[in-house]
Amino acid sequence: MPYEEMKNVILEVNEKVLTENMVQSLLKLLPEQEQLNTLLEMKDEYEELAESEQFGVVVSSVKRLKPRLTSILFRLQFEEQVNNVKPDVVAVTAACEELRKSESFAKVLEMTLLLGNFMNAGSRNAKAFGFSISYLCKLRDTKSADQKQTLLHFLAEICQEQYPEVMTFSEELIHVEKASRVSAETLQKNLDQMGKQIKNLEKDIETFPPPQSDRDKFVEKMTSFVATAGEQFEKLKLMHENMEKQYEDLGKYFVFDPKKMSPEEFFGDLNNFRNMFQQAVKENQKRKEAEEKIRRAKLAREKAEKEKEEKQKRMNAGQIPNINDDDETGIMDGLLEALQSGAAFKRKRGPRQAANNRRGAGQAVTNILAKELLQEVAPPSATKKTRLEAEDRKESSPEDTGSLEDLLDDAPLRSN
């Protein structure tokens with residue numbers, strides 16, 4: 001950009017060309033006013049000067065250059081300053097209102113006081129009427145005898161099981177986290193600086209020289225801006241005063257000194273407690289799930305041991321284990337024991353099954369005898385004698401019938 005055009009941009013307060021970074025760089029790099037005056041005297045030697053000196057000669061012709069640039073920079077930064085201050089004021093104000101109106105949070109405080117008085121019974125801290133809000137973050141320091149739970153875990157469990165409506169208090173305090181990051185000191189400094197800059201701009205406009213050319217729009221534009229900025233600043237100031245009053249009332253409500261405890265500290269403690277409470281609820285849930293798994297595993301183990309004992313009792317009583325049972329543990333051992341004790345040979349048959357087996361045995365014997373008659377030619381008397389001896393053995397040893405039938409039962413399987 002030509003130096004002369006740069007000069008006109010400054011005179012016109014052209015915000016389309018003048019950016020915040022550009023104006024900051026000009027204020028930082030421009031020489032002092034005495035050096036600018038010296039450069040202005042060298043305008044007749046313009047062509048012989050270096051580029052930086054030529055630029056100094058041109059811009060030094062702008063009257064009250066640095067005050068102009070300072071005011072222009074304030075105008076460019078004003079909206080950003082408002083956006084930095086206003087949300088913080090709104091957050092603290094809203095957080096104060098939420099705490100005053102939250103019934104669930106009041107119930108949490110009541111439960112905490114009850115637990116504290118119960119634990120301190122018999123001591124000098126018994127029957128307390130209240131406690132400091134910072135004590136909420138110390139609930140995690142009190143642990144159970146096994147070091148697995150804290151007083152905060154116990155409080156969260158009691159609230160979740162017996163007072164479920166209390167669990168919504170963290171959702172009611174949505175502005176507490178934002179308020180915990182607000183520094184009241186920084187907020188006050190920003191407002192004071194904003195008010196000071198507006199007053200300085202008003203004084204500059206009153207004492208500013210007449211426009212040095214038709215392009216000089218500084219006084220015109222800055223007069224309009226300072227009026228708008230003043231209105232916004234007054235609204236912001238009223239909001240800040242209301243915030244301070246709300247915080248003072250909150251100090252009376254929770255019995256603490258607002259001057260000794262800043263909003264950043266107060267809401268910081270509340271935000272930490274809210275996060276720790278939610279974390280305790282999650283940890284309680286995980287602990288219950290782990291305990292439930294252990295309980296189920298214990299029940300399954302007890303059930304398996306009980307079934308094993310019952311099976312052992314049945315085996316000792318001589319009962320044959322069920323081979324088709326899903327639980328195949330110890331089947332071979334049971335079979336071996338049954339074979340050694342003879343229990344496997346004491347099966348009982350029903351009348352019809354015994355008769356069928358007896359008929360099958362008779363047919364098998366007939367087939368065997370017929371085969372022997374075909375293969376070997378024997379005298380009729382010998383055959384008759386063999387049949388009579390067989391009948392005599394059958395009549396004389398009825399106790400062996402069962403054993404013979406068992407052997408004949410297996411005969412078709414072997415022949416197959």
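Rings of Phe, Tyr and Trp (its six-membered ring) pair if their centres lie within 6.5 Å; planes under 30 degrees apart are stacked, over 60 edge-to-face, and the rest tilted. By that rule this predicted model holds 18 aromatic pairs.

Before selecting anything, note the ground rules. Residues are numbered from 1 along each chain as its sequence is written, and side-chain values use heavy atoms, without hydrogens and water. Because the model is predicted, local features need pLDDT of at least 70 and side-chain atom pairs count only at pLDDT 80 or more, while totals for chains, interfaces and linings use all residues.

**Stop 1: Tyr3 and Phe55.** Select both rings. Their centres are 5.4 Å apart and their planes stand at 75°, so this pair is edge-to-face. Helices are DSSP runs of H or I with at least four residues, numbered from the N terminus. Tyr3 is partly exposed, at 25% relative accessible area. On this scale buried is under 20%, exposed is over 50% and partly exposed lies in between, with a 1.4 Å probe and protein chains only.

**Stop 2: helix 6.** Select residues 103–119. The 17 residues of helix 6 reach 25 Å from first C-alpha to last, close to the 24 Å expected at 1.5 Å a residue; the expected span is 1.5 Å times one less than the number of residues. Its buried residues are Ser104, Phe105, Val108, Leu109, Met111, Thr112, Leu115 and Gly116. They sit on the same side of helix 6, because they cover an arc of only 160° around the axis. The arc is taken from the directions from helix axis to C-beta atoms. Turn to the face away from the buried side for the exposed Glu103, Leu114 and Phe118.

**Stop 3: Phe105.** Phe105 touches, among others, Phe169, Phe254, Leu270 and Phe273. Ring pairs link Phe105 into a cluster that includes Tyr247, Phe266 and Phe277.

**Stop 4: the core.** The largest nonpolar core has 74 residues, and Phe105, Phe266, Phe267 and Phe273 have the most contacts inside it. Such a core is a set of buried Ala, Val, Leu, Ile, Met, Phe, Trp, Tyr and Cys residues joined through side-chain atoms within 4.5 Å. Helix 5 gives the most to this core, with 13 residues.

**Stop 5: Asn284.** Move to helix 12 (residues 263–316), where Asn284 lies. Asn284 is buried, at 1% relative accessible area. Its side chain reaches the backbone oxygen of His153 at 3.0 Å.

How values were computed: Helices (H or I, at least four residues) and strands (E, at least two) are DSSP runs, numbered from the N terminus. A polar contact is a pair of N or O atoms within 3.5 Å; within protein, one must be able to donate a hydrogen and the other to accept it, and residues adjacent in sequence count only if both atoms are side-chain atoms. Contact means heavy atoms within 4.5 Å. Lists of a residue's contacts leave out its neighbours within four places in sequence.
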